[in-house]
Amino acid sequence: MTDDEAVFAALADATRRLLLDTLFARSGLTQGELTATTGLTRQATSKHLAVLERAGLVVTIQRGREKHHYLNSAPIAEIVARWIGKYERGPVLTLADLERTLESESDE
């Protein structure tokens with residue numbers, strides 16, 4: 001599985017997106033805090049965090065006996081730049097051309 005496929009597979013699940021949204025709002029949570037915040041079981045939280053970690057969307061740091069989880073948005077930004085951005089360029093350039101045309105017509 002490629003890196004992009006791992007990210008897309010991780011994002012395909014609503015529960016994993018909930019975990020990412022939770023970490024976006026408050027990064028550095030432990031598994032117990034994530035479990036309490038999301039209402040998932042400890043086992044489900046663990047399973048989904050493992051998928052997110054493999055996809056590179058969550059990074060963990062061990063502090064004593066606790067693992068703190070942090071959102072890593074870099075893989076999503078790379079996908080946006082590589083896949084979504086190229087499809088937006090055409091419409092953006094077209095709108096910029098339209099704006100220049102309309103501005104030049106109003107100057108005349």
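**Note on helix packing and buried residues**

1. The buried residues of helix H3 are covered by elements that include H2, strand E1 (29–30), H4 and strand E3 (66–71). Helices (H or I, at least four residues) and strands (E, at least two) are DSSP runs, numbered from the N terminus. The model is a predicted one, in which local features need pLDDT of at least 70 and side-chain atom pairs count only at pLDDT 80 or more, while totals for chains, interfaces and linings use all residues. Residues are numbered from 1 along each chain as its sequence is written, and side-chain values use heavy atoms, with hydrogens and water left out.

2. Which residues of H3 are buried? They are Gln 31, Leu 34, Thr 35 and Thr 38. Around the axis these residues cover an arc of only 100°, which puts them on the same side of H3. The arc is that of the directions from the helix axis to the C-beta atoms; buried means under 20% relative accessible area, exposed over 50%, and partly exposed in between (1.4 Å probe, protein chains only). Just after H3, Gly 39 has a positive phi of about 80°.

3. In helix H1 (residues 3–11), the buried positions are Asp 4, Ala 6, Val 7 and Ala 10. Viewed down the axis of H1, these buried residues fall within an arc of 160°, so they line one face of the helix. From C-alpha to C-alpha, Ala 9 is 28 Å from Gly 90, and the two are 81 residues apart in sequence.

4. Helix H2 packs against helix H3 (residues 31–38) at an angle of about 110°, with the axes 11 Å apart. Axes are lines fitted to C-alpha atoms, for helices over the stretch in contact, and angles run from 0 to 180 degrees between N-to-C directions. H2 and H3 are therefore roughly perpendicular to each other (angles of 65 to 115 degrees; under 35 counts as roughly parallel, over 145 as roughly antiparallel and the rest as oblique). Leu 18, Leu 19, Thr 22 and Leu 23 of H2 make this contact with Leu 34, Thr 37 and Thr 38 of H3, where contact means heavy atoms within 4.5 Å. By class, the contact of H2 with H3 has four nonpolar, three polar and no charged residues. Ala, Val, Leu, Ile, Met, Phe, Trp, Tyr, Cys and Pro count as nonpolar, Asp, Glu, Lys and Arg as charged, and the others, Gly among them, as polar.

5. Helix H2 (residues 14–25) also meets helix H4 (residues 42–54): their axes come within 10 Å and cross at roughly 80°. H2 and H4 are therefore roughly perpendicular to each other. On the H2 side the residues are Thr 15, Arg 16, Leu 19 and Leu 20, and on the H4 side Thr 45, His 48, Leu 49, Val 51 and Leu 52. This contact of H2 with H4 has five nonpolar, three polar and one charged residues. Thr 15 is partly exposed, with a relative accessible area of 23%. The C-alpha atoms of Thr 15 and Thr 45 are separated by 8.8 Å, although the two are 30 residues apart along the chain.

6. The largest nonpolar core has 15 residues, of which Leu 34, Leu 52, Ala 55, Leu 57 and Val 58 touch the most other members. Such a core is a set of buried Ala, Val, Leu, Ile, Met, Phe, Trp, Tyr and Cys residues joined through side-chain atoms within 4.5 Å. H1, H2 and H4 are the elements that give two or more residues to this core. Beyond four places in sequence, the contacts of Val 58 include Leu 20, Leu 23, Leu 49, Leu 52 and His 69.

7. His 69 has its place in strand E3 and is buried, with a relative accessible area of 3%. Apart from neighbours within four places in sequence, His 69 is in contact with residues including Leu 23, Thr 30, Gln 31, Leu 34, Leu 49 and Val 58. Thr 30, in strand E1, counts as buried at 11% relative accessibility. With residues up to four places away in sequence not counted, Thr 30 touches Glu 66, Lys 67, His 68 and His 69.
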